[in-house]
Amino acid sequence: MIPKDHPRYRSLVTRENLARSTRSGIVSLEGLTAHGRGEAFDYLIGERTTESAHLAERIAAAILISAKHPVISVNGNTAALAAPQIAALQKASGALVEVNLFHRTKERVKQIEDLLRETGSDVFSGEAERLLPLSHDRAWCRREGMYSADVVLVPLEDGDRCEALVRMGKTVIAIDLNPLSRTARSATLTIVDELTRAIPNIAAACKDLSAPECRQLAMSVNNHYLLSEAIREITLRLDHAMD
Ligand code: PTJ
C-alpha cells in the first residue's frame, strides 16, 4: 500500500483524474501525452520543487503582483489538475482568469469555464476574437483580457503562442517541467516545476513578499540562469541515480 503523501500515490490519483477528465472532454487526448512528457521530466527533477524553481516561483509572484493587467491563461490540463489552486492564485494575485485552448470548441470552453467557476474562480469570459498572430485556435482570446494583458501566466504552453505573446511585448511566465522546450526557452520567466506544486507556491509568495523584496525580485529575471540551474539540478540527480 503506497502512503497517501507519497509522490507515487499522488501521481496515480492524478492519472485517474486526467483519464476521467479526458472522458468528460475537459482534457484533450493530446493533453494526456503532454502530461506523460511532464511526468518523465518530473521524475528527473525528483518530483519536488527544486531551489531554482522555488526562486522562479517567488519571481513570478513579484511580477504578477506588480503587473497592471495580469492574466492567468487556463487550458484543459490546468483546469483538470488545479482548478481550486487557480482560484486561490487569482485571489492572491488579483489576476484575471481566462480560458485559452489549443483544441478549441465552444463546448470545451464552456465546460472548462464552468469547472473554474464551480471551484471559486471569477472567470473572464465573453466574446472571444481571433486576436493573437497565430494560425491555430489559440489565436482566440478576449480583447480586454489576454490581448490587453501586460503579464500572462501560461501553464503547459505550446511554443508558438508563447513566442507570439513575447513578440507582442508581454511578460510571459511559463510553467513547464521540460527546461529544454521552446516554451521554456522563449518565455520571459520559466518555472520548471509541476503545475500543482508551482501554483500554490506562487500564491503563497504573493501573500508573503514584502514591497522591497517584490521590487528586487521583479527586476532580477534571468531565464537563462534559471533554466541552466534546472538542467544542473537534473544532471546532479542523474549523477547520483545509482547510489
Ligand atoms: O487543453 P488544450 O486543448 O489547450 O491542449 C493543451 C495541450 C497540453 C495539449 C497543449 O498545451 C500542448 O500541446 O502542450 P505541449 O506542447 O505538449 O507542452 C506541454 C509541456 O508542458 C511539455 O513540455 C510538458 O513537459 C509540460 N507539462 C506537462 N504536464 C505538466 C507540465 N509542466 C508542468 N506541470 C505539469 N503537470
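Me: Let's start with the second largest pocket. How do its lining residues split by class?
Reply: This is a predicted model, and in it that lining has three nonpolar, one polar and five charged residues.

Me: Which residues are they?
Reply: The second largest pocket is lined by R104, K106, V109, E113, G126, E127, A128, W140 and R142. Helix α5, residues 106–118, gives the most, with three residues.

Me: And how much space lies in there?
Reply: About 230 Å³. For the largest pocket, the figure is about 1100 Å³.

Me: OK, on to the largest pocket then. How many residues line it, and which lie nearest its centre?
Reply: There are 46 lining residues, and A34, H35, G38, N77 and L156 lie nearest the centre. By class, they divide into 13 nonpolar, 16 polar and 17 charged.

Me: Which helix gives the most to that lining?
Reply: That's α2, with eleven residues. Helix α2 spans 29–45, and it is one of several helices that each supply at least two residues, along with α1 (7–24), α4 (76–93), α7 (182–186) and α8.

Me: Is L156 buried, exposed or partly exposed?
Reply: Partly exposed, because its relative accessibility is 28%, which falls between the 20% and 50% cut-offs.

Me: Switching to the ligand. Which residues come nearest?
Reply: There are 24 residues around the ligand, and R37, F102, R108, D176 and E194 come nearest.

Me: What does E194 do there, in terms of atoms?
Reply: An N or O atom in the E194 side chain is 2.6 Å from a nitrogen atom of the ligand.

Me: Which backbone atoms come up around the ligand?
Reply: L156 has a polar backbone atom 3.0 Å from a ligand oxygen. For L177, a backbone N or O atom lies 3.2 Å from a nitrogen atom of the ligand.

Me: Now D193. Where does that one sit?
Reply: D193 is in the loop between β7 (189–191) and α8 (195–208).

Me: Buried or exposed?
Reply: Buried, because the relative accessible area of D193 is 1% and buried means under 20%.

Me: So what does the D193 side chain make polar contacts with?
Reply: One partner is the side chain of T49, at 2.7 Å. The side chain of R197 is another, at 2.8 Å.

Me: Which residues does D193 touch, leaving out those up to four places away in sequence?
Reply: They are I45, R48, T49, A53, E57, I175, D176, L177, A198 and N201. Two of those names turned up with the ligand: D176 is among the residues that come nearest, and L177 has the backbone atom 3.2 Å from a ligand nitrogen.

Me: Last one, S66. Where is it, and how exposed?
Reply: S66 is in helix α3, residues 51–66, and is partly exposed, with a relative accessible area of 45%.

Me: What does its side chain reach?
Reply: The S66 side chain reaches the backbone oxygen of A62 at 2.5 Å. Beyond its neighbours within four places in sequence, S66 is in contact with C214 and A218.

Me: And how far is S66 from V151?
Reply: Their C-alpha atoms are separated by 9.5 Å, with the two residues 85 apart along the chain.

How values were computed:
Residues are numbered from 1 along each chain as its sequence is written. This is a predicted model: local features need pLDDT of at least 70, side-chain atom pairs count only at pLDDT 80 or more; totals for chains, interfaces and linings use all residues. Side-chain values use heavy atoms; hydrogens and water are left out. Helices (H or I, at least four residues) and strands (E, at least two) are DSSP runs, numbered from the N terminus. Buried means under 20% relative accessible area, exposed over 50%, partly exposed in between (1.4 Å probe, protein chains only). A polar contact is a pair of N or O atoms within 3.5 Å; within protein, one must be able to donate a hydrogen and the other to accept it, and residues adjacent in sequence count only if both atoms are side-chain atoms. Contact means heavy atoms within 4.5 Å. On a 1 Å grid over the protein atoms alone, a cavity is a set of points where a 1.4 Å probe fits but cannot get out, and a pocket is an open set with protein on both sides within 12 Å along at least five of seven lines; lining residues have an atom within 4 Å of a point. Grid points are joined across faces, edges and corners, and a volume is the space filled by probe spheres set on the points. Ala, Val, Leu, Ile, Met, Phe, Trp, Tyr, Cys and Pro count as nonpolar, Asp, Glu, Lys and Arg as charged, and the others, Gly among them, as polar. A residue is near a molecule or strand if one of its heavy atoms lies within 4 Å of it.
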